[in-house]
Amino acid sequence: MFDLVIIGGGPGGYPAAIRAAQLGMKVACVETRTRMGGTCLNIGCIPSKALLESSERFMAAKTEFATHGVEFDGLRLNLANLLDHKDKVVSGLGDGIDYLFRKHKITRLLGTGSIPGPGQVSVTAADGASQTLQAKAIVIATGSAGATLPNVPIDEDRIVSSTGALSFAQVPEHLVVIGAGYVGLELGSVWQRLGSKVTVIEYLDRITPGMDAELARALHKVLQQQGFEFRLSQKVASARIDGDAVVLSVEPSNGGAGEELRADRVLVSVGRRPYIDGLGLDAIGVARDRKGFITVDAQWRTNVEGIYAIGDVIGGPMLAHKATEEGIALAEQLAGLPGHVNYGAIPAIVYTAPEAASVGLSEEALKDAGVNYKVGRFPFNANSRARAKAQTEGLAKVLADAETDRILGVHILGPEAGSLIHEAVVAMEFHGAADDLARTCHAHPTLPEALKEAAMDVGKWAIHSA
Ligand code: FAD
């Protein structure tokens, strides 16, 4: 009998397993993939960030080094080495999770898990052999899969999901990205930097839905300057293969005459859906919402006693760190501790160059909620370190309650925004005010000074404001 059996070894499931084992539980984790780490490690966060790091260096050598007086001849891309680096990063981190499982004596079962009844998990291996485990508690952490479009069949060769776009053997000449969310913009950036012409088709009239609109507009402009072509308010009705090319039929989102667009590769990145295939949830009556996400209460309990769910499969921000927070908090709750996740302070980052990072509410969400707020902004072109780096695009923006000054949202577009945002996350976690950030001493000359000055601008006393 296990205290806890977790189905899915992604960033939700595997930290839950480790935390539960730390707290003295007898734990098993069932995972179909041979390598732990889920979508994030195998085909998501990690390989995409390895490609972004490498392609950013290539781009910097091409376009930025000369500004710093570094000149050389004969720059060329070795795509095989670049892809090899990505694969090594992924396998090294996978080995790290295996080590942690051994260290914490977690039983790792290779196979597909299903729940024949409360308190039971069946594991079926690839060769068909199966076994049934008894569990006091079961956690479903089976994650998500890429959404698809009707009439745009993914073959992972010419028409790819994000997985295919992590491993093109050659740099596409023309890559069409369907969907201007963060996955499409990140992978579009990788191939654009390596030499592809990139066209992004987006159904809505803006990129990165949900992001503070001022930031999204600024990101749109920067990416356009980098060479991205955006076709907003358009939809792809169908795709067909014509020799070496893909021919897309593209139409205005709200109807009207369409046109054909040819590309040699197409990336479909139109969101993700919860993954529950084969779990047998209908037979045991686990409730799901309209979109198929498993419904849980504030303690991640499903409607069936003893069965819990975390991560992408329950919806909310479909991000690795949100899944991890839930996994750890749930393990603590099962051990009788007060596990908790603050959903109001979960950062979201788009790893383009410059990066776009947010925490808390956007200006639009505050307006919609009728909140009386103040705003402070500071541009990176007035930040001395950004000038030294010659990376001056973007701004930091702080939104605070008009009466209490409490920070309600922070949005940063700029160099290293994905790291800078964490200062704001901590401030929000501690219910900080804009004035707390503004009056905290920041070392000079550093990028975080831009955030401090944006917080000072909430009170309209930023020193370096134009
Ligand atoms: P998953 O990571 O999807 O893990 C679920 C695991 O369960 C999988 O390994 C699957 O094989 C296994 N499984 C499913 N069903 C069964 C079964 N029946 N039996 C056994 N095993 C099963 N998020 C970020 O925070 N930062 C990023 O930079 C980022 N970049 C991304 C880039 C891309 C290209 C993609 C696609 C996603 C990215 N994400 C990123 C999102 C992130 O990967 C997910 O939010 C995260 O992986 C969700 O974690 P999870 O544990 O809920 O599920």
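In which helix does Lys-49 lie? I looked this up before anything else, in what is a predicted model, and found Lys-49 in helix 3.

**Entry: the recorded binding site**

I came to Lys-49 through UniProt, whose unreviewed entry lists it under "binding site" together with Gly-113, Thr-142, Gly-143, Ser-144, Asp-312, Met-318, Leu-319, Ala-320 and His-321. I noted that these positions are spread over 273 residues of sequence, and that they are also spread in space, with up to 29.5 Å between C-alpha atoms.

**Entry: the shell around the ligand**

I then turned to the ligand itself, which is surrounded by 37 residues, the closest being Gly-8, Gly-10, Gly-38, Gly-143 and Gly-311. The elements that give two or more residues to this shell are strand 2 (27-31), helix 2 (38-43), helix 3 (45-63), strand 4 (112-117) and helix 8. Sorting the shell by class, I wrote down 14 nonpolar, 19 polar and four charged residues.

**Entry: helix 3 and its partners**

On the side of helix 3 the contact is made by Ile-46, Pro-47, Ala-50, Leu-51 and Ser-54, while helix 4 brings Leu-82, His-85, Lys-86, Val-89, Val-90 and Leu-93. Eight of the residues in this contact are nonpolar, two are polar and one is charged.

With helix 5 (residues 182-193), I found that the axes of the two helices again come within 9 Å, here crossing at roughly 35°, and that helix 3 passes helix 5 in a left-handed crossing. Helix 3 contributes Ser-48, Leu-51, Leu-52, Ser-55, Glu-56, Phe-58 and Met-59, and these meet Glu-186, Leu-187, Ser-189, Val-190 and Arg-193 of helix 5. The classes here are six nonpolar, three polar and three charged residues.

**Entry: helix 1 against helix 8**

I next followed helix 8 (residues 320-334), which packs with helix 1 (residues 13-22) at an angle of about 30°, their axes being 8 Å apart. That angle makes helix 1 roughly parallel to helix 8, and I noted that the crossing is right-handed. From helix 1, Gly-13, Pro-15, Ala-16, Arg-19 and Ala-20 take part, and they meet Thr-324, Gly-327, Ile-328, Leu-330, Ala-331, Glu-332 and Leu-334 of helix 8. I counted the contact by class as seven nonpolar, three polar and two charged residues.

**Entry: backbone exceptions**

Most residues other than glycine have a negative phi, and most peptide bonds are trans. Against that background I marked Thr-208, whose phi is positive, near 40°, and which sits in the loop between strand 10 (197-201) and helix 6 (213-226). I also marked the cis peptide bond from Ala-353 to Pro-354, with omega near 0°, where Pro-354 belongs to the loop between strand 18 (348-350) and strand 19 (355-360). Another cis bond joins His-444 and Pro-445, with omega about -5°, and Pro-445 is placed in the loop between helix 12 (434-438) and helix 13 (448-458).

**Entry: the recorded domain**

Last, I checked residues 346-455, which UniProt, in an unreviewed entry, labels "domain: Pyridine nucleotide-disulphide oxidoreductase dimerisation". Over this stretch I found 35% helix and 28% strand, with the end C-alpha atoms 19 Å apart.

Note on methods: Residues numbered from 1 in each chain as written. Predicted model: local features only at pLDDT ≥ 70, side-chain atom pairs only at ≥ 80, totals over all residues. Axes fitted to C-alpha atoms, helices over the stretch in contact; angles between N-to-C directions. Helix = DSSP H or I, 4+ residues; strand = E, 2+ residues; numbered from the N terminus. Parallel < 35°, antiparallel > 145°, perpendicular 65-115°, else oblique. Left-handed = near helix turned anticlockwise from the far one by under 90°. Contact = placed C-beta atoms within 7 Å. Nonpolar A, V, L, I, M, F, W, Y, C, P; charged D, E, K, R; others polar. Near = placed C-beta within 6 Å. UniProt positions renumbered as here; feature names shortened; annotations may be inferred.
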